Amino acid sequence: MKVKSTTSCGVYLPRLTKLPTGAVTVTRVAKMRDYSAVQRMHSRCSAESRTIRYFTPTSGLSTRGWHDLCDQGRGLTLITTPRADTRKVIAMTNVLHTYEDGVVEFAVLVEDAWQSRGLGSALASYALESVRTQGARALTASVMAVNGRAMRMLRRIGATTSSPPGSEVDFRVDIDI
């Protein structure tokens with residue numbers, strides 16, 4: 001049995017999550033060696049899913065982009081796998097520092113086959129719980145206005161819109177410390 005360890009951000013991982021469907025997932029800190037598995041996940045995502053995550057059509061991450069996401073000085077990137085196949089990445093969560101002290105930005109990409117199962121909501125809740133223990137003042141997220149799933153997910157964790165409606169909607173959760 002593996003013992004949970006703490007990241008430099010104070011997050012306990014790996015984290016097991018049982019989804020409403022009964023599936024169990026494992027979430028852990030992303031490492032540089034996960035790049036190929038993350039790229040394979042991107043290839044299993046539809047062009048629409050990748051576009052609404054990155055705000056532009058993209059087939060995946062560059063090695064430089066992945067390196068930046070794995071740099072814990074910039075924040076935390078997590079990968080999620082099914083418990084039954086821990087080599088298959090099905091989601092990537094980013095909680096990154098912003099230029100505003102105490103404010104982090106959240107983003108998640110869930111493989112299409114795993115969408116609408118509660119995984120994105122579970123990852124958003126975990127991200128909020130994690131940054132709350134770190135002393136963050138707020139969690140923000142920007143989503144395309146056509147991304148109804150992401151907007152519902154963010155509202156479930158208490159996020160409110162912080163920008164006028166447009167093609168992009170900014171959300172914010174102020175955190176009571």
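How many disulfides does the count come to in this structure? The count is 0, where a disulfide is a pair of cysteine sulfur atoms within 2.5 Å. The sulfur of Cys 45 lies 17 Å from the closest cysteine sulfur, that of Cys 70, which is too far for a bond. Cys 45 is buried, because its relative accessibility is 4%. Cys 70 is buried as well, at 17%. Buried means under 20% relative accessible area, exposed means over 50%, and partly exposed is in between, with a 1.4 Å probe and protein chains only.

Before going on, a word on the model. It is predicted, so local features need pLDDT of at least 70 and side-chain atom pairs count only at pLDDT 80 or more, while totals for chains, interfaces and linings use all residues. Residues are numbered from 1 along each chain as its sequence is written, and side-chain values use heavy atoms, with hydrogens and water left out.

Now the sheet. Strands of a sheet pair through backbone hydrogen bonds, either parallel or antiparallel. Here 8 strands form an open sheet with mixed pairing, in the order 3-4-5-6-7-8-10-9. Strand 3 (15-18) and strand 9 (160-161) are the edge strands, each pairing on one side only. Helices (H or I, at least four residues) and strands (E, at least two) are DSSP runs numbered from the N terminus, and two strands pair if DSSP finds at least two bridges between them.

Take strand 8, residues 138-144. It is largely enclosed by the rest of the structure, because 5 of its 7 residues are buried. Val 103 stands opposite Ala 138, and Val 104 stands opposite Leu 139. Strand 10 (residues 168-174) runs antiparallel to strand 8, with 7 bridges. There, Leu 139 stands opposite Val 173.

Strand 7, helix 4 (residues 119-133) and strand 8 make a right-handed β-α-β unit. Right-handed means that, with the strands pointing away from the viewer, the path from the first strand over the helix to the second runs clockwise.

Which residues have the most contacts inside the largest nonpolar core? They are Phe 106, Leu 119, Val 131, Leu 139 and Leu 154, in a core of 30 residues. Helix 4 gives the largest share of this core, 6 residues. A nonpolar core is a set of buried Ala, Val, Leu, Ile, Met, Phe, Trp, Tyr and Cys residues joined through side-chain atoms within 4.5 Å.

Leu 139 touches, among others, Val 104, Phe 106, Val 131 and Val 173, not counting residues up to four places away in sequence. Contact means heavy atoms within 4.5 Å. A second, separate core has 14 residues, including Ala 30, Met 41, Cys 45 and Ile 79.

Thr 140 lies in strand 8 and is buried, at 17% relative accessible area. Leaving out residues up to four places away in sequence, its contacts include Val 103, Val 104 and Phe 171.

Thr 80 is in strand 5, residues 75-82. Is Thr 80 buried or exposed? Thr 80 is buried, with a relative accessible area of 0%. Its side chain makes a polar contact with the side chain of Thr 27, at 2.8 Å. A polar contact is a pair of N or O atoms within 3.5 Å; within protein, one must be able to donate a hydrogen and the other to accept it, and residues adjacent in sequence count only if both atoms are side-chain atoms.
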